[in-house]
Amino acid sequence: MGVTKEQVESTLKSKLNPSHLEIIDTSGGCGASFAIEIVSEQFEGKRLLERHRLVNAALEEEMKEIHALSIKKAVTPGQWKQQLESEKSTSAA
Amino acid sequence: WEFVVAALSPDLKNTLDKVVTSQKVVLFMKGTKDFPQCGFSNTVVQILNSLDVPYETINILENEVLRQGLKEYSSWPTFPQLYIDGEFFGGCDITVEAYKSGELQELLERAMCS
């Protein structure tokens, strides 16, 4: 049995309480493979390695079935807001 | 398969301590630097090549005990795993991020001088 996108989503929601979460199924049908973007207050004051560790730990059970997991973004709500604003200003320019 | 879960014996831990400090930069990966067998491993190899640092690669596909033991050793579930100056640095995504921000070059320069 593989892991579904919905499963990954509900686990991350319950464990990391994200204010924004995007999960992209990158498997193309060949097996559980995901890319994720996650915004959570729990990342505050943590280095990137520690943030990724939090995500990996939250998905400990799912990782046994997941073939590839790519954490594209693991940012705090503050950083997320900044990124959105800078994107907005570059697209407006 | 309980014994696979408890793969990190004191002997293996000792060996890994030696391996990760044997070179400034050590990459545990799928395949070798000349023949990566996974896109994620290949990405890290390309980054290290472009930064022109000496590094050693170890193919975890050839040793299942090593593969399981390393996951425990670094508390990291996937490969590749990059070690700098004897310390676990991260997997593919972290390496890419740090490369883009310039943090990786800085860290490697410091490691080479130490």
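Reader: Which residue in β4(B) is the bridge partner of B:L27?

Author: In β4(B), B:L27 has B:T57 as its bridge partner. Before going on: this is a predicted model, where local features need pLDDT of at least 70, side-chain atom pairs count only at pLDDT 80 or more, and totals for chains, interfaces and linings use all residues. Residues are numbered from 1 along each chain as its sequence is written, chains are lettered from A and ligands numbered from 1 in the order in which they are written, and side-chain values use heavy atoms, with hydrogens and water left out.

Reader: Why are β1 and β4 of chain B called paired?

Author: Strands pair if DSSP finds at least two bridges between them. A strand is a DSSP run of E with at least two residues; a helix is a run of H or I with at least four, and both are numbered from the N terminus. β1(B) and β4(B) share 4 bridges, in the parallel sense. Therefore they pair by the rule.

Reader: What makes β4 and β6 of chain B edge strands?

Author: The open sheet runs β4-β1-β5-β6 in chain B, with mixed pairing. β4 (56-59) and β6 (87-90) each pair on one side only.

Reader: Which strands does helix α4 of chain B touch?

Author: Contact means heavy atoms within 4.5 Å. Helix α4 (residues 64-74) touches β1, β4, β5 and β6 of chain B. Its direction makes about 60° with that of β5(B). Axes are lines fitted to C-alpha atoms, for helices over the stretch in contact, and angles run from 0 to 180 degrees between N-to-C directions.

Reader: Why is one side of β1 and of β3 in chain A left without a neighbour in the sheet?

Author: The open sheet of chain A has the order β1-β2-β3, with mixed pairing. β1 and β3 stand at its edges with a single partner strand each, so one side of each has no neighbour in the sheet.

Reader: What joins β1(A) to β2 of chain A?

Author: 6 bridges join them, and the strands run antiparallel. One bridge pair is A:E22 with A:E37 in β2(A).

Reader: What volume does the largest pocket have, and what makes it a pocket?

Author: On a 1 Å grid over the protein atoms alone, a pocket is an open set of points with protein on both sides within 12 Å along at least five of seven lines; a cavity is a set where a 1.4 Å probe fits but cannot get out. Lining residues have an atom within 4 Å of a point. The volume is the space filled by probe spheres set on the points, joined across faces, edges and corners. Here that is about 970 Å³. Of the 33 lining residues, A:M63, B:K71, B:W76, B:P77 and B:T78 are the closest to the centre.

Reader: What makes the bond between B:F79 and B:P80 stand out?

Author: That peptide bond is cis, with omega about 10°. Most peptide bonds are trans. B:P80 lies in the loop between α4 and β5 of chain B.

Reader: What is phi of A:N17?

Author: It is near 45°, a positive value in a residue other than glycine. A:N17 is in the loop between α1 (5-16) and β1 (20-25) of chain A.
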